[in-house]
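Visitor: I have a model to look through, and I would welcome a guide. Could we go through it together?

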Amino acid sequence: MGVGPSGPTSRSAGGGAAVHRETTAARPVLKWAGGKSQLLETFLHCYPAGLSTGGIRRYMEPFVGSGAVLFDVAARFLLDEYVIVDRNPHLIRTYQVIRDQAPALIERLSAWQELYWSMGSRDREGFYYAIRDRFNAGQDPPLDEAVALIFLNRTCFNGLYRVNRQGRFNVPIGRYDRPLICDAANLLRVQQVFRQVDIRCGTPEDVLDRVDADTFVYCDPPYRPLTTTSSFTAYSEDGFGDEEQVALARFVKACDERGAAVMLSNADPHNIDPADNFFDDLYRGFVITRVPARRSINAQRSRRGPVMELVITNYPVTLPGPAPSTAPQSSSEGSRSRTGARV
Ligand SMILES: C[S@@+](CC[C@H](N)C(=O)[O-])C[C@H]1O[C@@H](n2cnc3c(N)ncnc32)[C@H](O)[C@@H]1O
C-alpha cells in the first residue's frame with residue numbers, strides 16, 4: 001500500500017519518468033542540516049526502476065534526518081514497508097510522538113504558537129531560552145520533548161538542529177515575525193505516513209538484517225567536510241569522519257550483496273580538490289553520478305557558486321538533458337548486484 005495522505009497514490013511509469021505527485025503530500029516537519037528537499041527533482045531520475053515496476057516493496061533510510069526523501073518516495077510509489085533510522089534520539093522520539101500522539105502534539109504546538117505570536121521580542125527571548133534550557137536538561141517526557149524540538153526548530157536562527165560537543169542544542173533565537181510553529185494539516189499527513197513506518201534510533205548496521213532483494217536503501221550520511229571550516233558534519237556530538245564513511249561503504253556493499261538497490265549521496269570532494277578521489281575510490285564498481293546542488297560551500301556570498309553532489313548507486317542512472325558526468329566505475333573484484341553494478 002502506498003502511504004499518500006489520501007490513500008494510495010499512482011505508480012510511477014518508470015524510475016525517473018514523470019510521475020503523479022500528491023499536492024497534499026506530507027512534507028518534512030523539521031528543517032535539518034543537509035536536508036534533501038532541493039534535490040528531489042533530480043533524485044527522481046536517480047531512483048531505481050524497481051520502485052515503479054513493483055520489484056521493490058521496502059524502503060529503508062538509515063540517516064533519515066528530516067525525511068525529505070522518505071516523504072517523496074512515500075508520496076510517489078506504492079510500497080509495503082518503510083524503515084527509518086537515525087542516531088539522534090530526540091529526532092526519533094519526536095517522530096514516534098507524531099505517529100502515536102499527533103492530536104495532543106498539535107494542541108500543544110498550536111497553544112505555543114498563539115502565545116509566541118502574542119509576545120514582544122523580549123518575552124520571546126525569555127521563552128525561547130527557557131525552552132532551550134529545558135530541552136537540554138533532557139528530563140521531559142517524549143510529548144514535551146517533541147513539542148520543544150519542533151518549537152525550537154521553527155523559531156531558532158536558520159531553523160537548524162545543531163549541538164555543541166556536550167550534545168547541547170545551542171542555536172540562538174531567530175527573528176521571525178509569525179513563525180509557523182504548528183502546521184496541523186502537515187502533522188496529520190506525516191502521522192498517516194508514519195503509521196506504516198518502522199521508526200528506529202540506531203545506526204545502519206542495526207537494520208541490515210531487514211535488507212533483501214526487495215529493498216531500496218537510501219543513505220544520506222553527514223557530509224564529508226568540503227573545507228576545513230565547513231561544519232556540515234556538526235549534526236551530532238560525535239563527528240562522522242573518513243573512518244565512518246569507510247564503515248558505511250561496508251554497509252552499502254553488504255546491502256548490495258543482499259541484492260538491494262542502494263543509493264547514497266554526499267558532497268563531491270572535487271568541488272574543492274579535483275584530485276580528491278575519496279568516494280571514487282571507496283565506491284569503485286558503483287555508478288557515480290555528479291549532480292548540481294544549490295548548496296554553497298563558501299561563506300563569502302560573492303564567492304558562492306553551484307556545487308556538485310555525488311549520487312552513488314548500484315544500478316544505472318540516466319539524467320535528462322545534457323549528460324552530466326555519470327561514471328560507471330570498473331572493478332575487478334566483488335560480486336555482481338542484481339542491477340548489474342560490480343562492487
Ligand atoms: C545529512 S543528514 C540527513 C539529511 C536527510 N537526508 C534530510 O533530507 O533531512 C545525516 C543524518 O545522519 C544522522 N547520523 C549521524 N551519524 C549517524 C550514524 N552513525 N547512524 C545513523 N544516523 C546518523 C544525523 O543525526 C543526521 O540526521
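Visitor: By class, which residues make up the shell around the ligand?
Guide: This is a predicted model, where local features need pLDDT of at least 70, side-chain atom pairs count only at pLDDT 80 or more, and totals for chains, interfaces and linings use all residues. Residues are numbered from 1 along each chain as its sequence is written. Ala, Val, Leu, Ile, Met, Phe, Trp, Tyr, Cys and Pro count as nonpolar, Asp, Glu, Lys and Arg as charged, and the others, Gly among them, as polar. On that basis the shell has ten nonpolar, seven polar and four charged residues.

Visitor: Which elements give two or more residues to that shell?
Guide: Happy to show you: 21 residues surround the ligand, with Gly 34, Phe 63, Gly 65, Ser 66 and Asp 220 the closest. Being near means that the C-beta atom, placed from the backbone, lies within 6 Å of the molecule. Helices (H or I, at least four residues) and strands (E, at least two) are DSSP runs, numbered from the N terminus. The elements asked for are helix H3 (68-76) and strand E2 (81-86).

Visitor: How do H4 and H7 run, roughly parallel or roughly antiparallel?
Guide: Axes are lines fitted to C-alpha atoms over the stretch in contact, with angles from 0 to 180 degrees between N-to-C directions. The axes of H4 (residues 89-118) and H7 (residues 184-194) come within 8 Å and cross at roughly 165 degrees. Angles under 35 degrees count as roughly parallel, over 145 as roughly antiparallel, 65 to 115 as roughly perpendicular and the rest as oblique. Therefore H4 is, relative to H7, roughly antiparallel.

Visitor: By class, what does the contact of H4 with H7 have?
Guide: Contact here means C-beta atoms, placed from the backbone, within 7 Å. Among the residues that meet are Tyr 95 and Ile 98 in H4, and Leu 187 and Phe 194 in H7. The contact has ten nonpolar, two polar and one charged residues.

Conventions:
Two residues are in contact if their C-beta atoms, placed from the backbone, lie within 7 Å.
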